[in-house]
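Please keep the sequence and the structure open side by side while you read these points.

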Amino acid sequence: MYLFKYTLKRLLLAFFMIIIILSLCFVFIKLLPLPSVTGTAEMVELIEKRREAMGYYEPVLTQLFLFWKRIFTGFDWGYGEQIYQVQSVTSIIAQKLPATVMLNLYSLIISIPIGLLLGIYAAVKKNKWQDHTISTLVMVLISVPSFVDAFLIQYIFCAKLGWFPLLADTSNNYFDPHVVYSLMPAIFSLTFGTIAGLTRYTRAELSEVLTGDYMLLARTKGLTRRQATIRHALRNAMVVIFPMILGEFLSIMSGSLVIESIYSIPGIGALYVNSINNLDYNFFMAISAFYTAIGLAAGVVIDLSYGFIDPRIRMGAK
């Protein structure tokens with residue numbers, strides 16, 4: 001019962017948080033000048049009629065009320081005005097979502113096993129040259145932003161060595177080997193940060209667990225260091241590590257704003273950047289809501305996962 005109450009409480013808090021964040025975004029946007037519409041005379045007239053119907057020329061609070069009314073009654077996020085003119089915002093986002101999901105999914109498939117193995121190896125070899133080498137590389141990768149990695153990979157492996165194309169294949173078949181091959185520079189750009197973060201996290205948690213008294217007891221009972229690490233240390237460390245991995249999988253829909261733009265990948269991140277550059281407020285609001293919902297949902301799922309991984313942890317219990 002306490003878990004149900006805790007879950008309900010977190011969902012309600014997430015719901016109100018979304019409303020507050022989007023309301024603030026909406027008000028701040030409406031304080032900016034309304035961008036003029038370009039295109040044919042018929043297109044401009046159609047968009048102006050839609051603006052009038054959506055209350056664009058009403059006071060800000062009235063516009064905010066009409067905005068939430070459209071969302072709650074019909075999940076209507078409007079139509080494109082500057083990009084993808086008079087096309088439904090939700091339909092365009094649905095078209096762009098598979099590219100983002102597949103790009104992030106491929107990067108996680110590569111980065112999670114490597115990050116876990118490097119973190120485990122560094123913890124087992126703590127304070128030895130292997131640990132120092134891995135820790136140094138991790139700090140370098142964490143310190144360098146992903147877009148710097150992207151430019152370096154694009155320059156070295158695409159422009160100079162010619163191993164990969166400069167831009168990704170924009171076809172929709174993301175299981176095609178040729179498409180996956182063209183996505184490899186972008187995938188590598190995303191994996192470096194994830195590998196570094198997961199390696200550091202795994203090393204820190206496992207190093208702490210390996211120094212526990214129960215590990216000494218397991219060794220005195222006849223278990224080898226490897227057996228004690230696998231049977232006891234890893235199981236206890238995964239209580240903290242697994243929610244992090246789960247959060248990474250939940251983030252596969254969030255996309256990468258800069259990486260998708262650098263490699264011309266038609267995903268949610270590139271669409272978000274285009275909506276900001278072209279002042280298309282309908283796309284901006286819809287994608288902002290999407291990112292906010294994904295982030296809050298990831299937090300709720302991660303918190304709840306602790307109780308499922310370790311029954312001793314009772315979320316919401318006093």
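1. A residue is called buried when its relative accessible area is under 20%, exposed when that area is over 50%, and partly exposed in between. In this predicted model, Arg 203 has a relative accessible area of 21% and is therefore partly exposed, whereas Asp 131, at 2% relative accessibility, counts as buried.

2. Side chains of opposite charge can pair when their charged atoms come close. The structure holds four salt bridges, and one of them joins Asp 131 to Arg 203, with the closest N and O atoms 2.7 Å apart. Asp 131 belongs to helix 5 and Arg 203 to helix 7, so this pair ties together parts that lie 72 residues apart in sequence.

3. Arg 51 and Glu 81, both of them buried, meet through their side chains in a salt bridge of 2.9 Å, N to O. This pair links distant parts of the chain, since Arg 51 is in helix 2 while Glu 81 is in the loop between helix 3 and helix 4.

4. Lys 49 and Glu 45 form another salt bridge, at 3.6 Å between the closest N and O atoms. The two residues are four apart in helix 2, which means that about one helical turn separates them; Glu 45 is partly exposed, at 46%.

5. Most residues other than glycine have a negative phi. Phe 75, however, has a positive phi of about 50° and is found in the loop between helix 3 and helix 4. Ser 264 also has a positive phi, near 55°, and is placed in the loop between helix 10 and helix 11.

Note on methods: Residues numbered from 1 in each chain as written. Predicted model: local features only at pLDDT ≥ 70, side-chain atom pairs only at ≥ 80, totals over all residues. Heavy atoms only, no water. Buried < 20%, exposed > 50% of the residue type's maximum accessible area, 1.4 Å probe, protein only.
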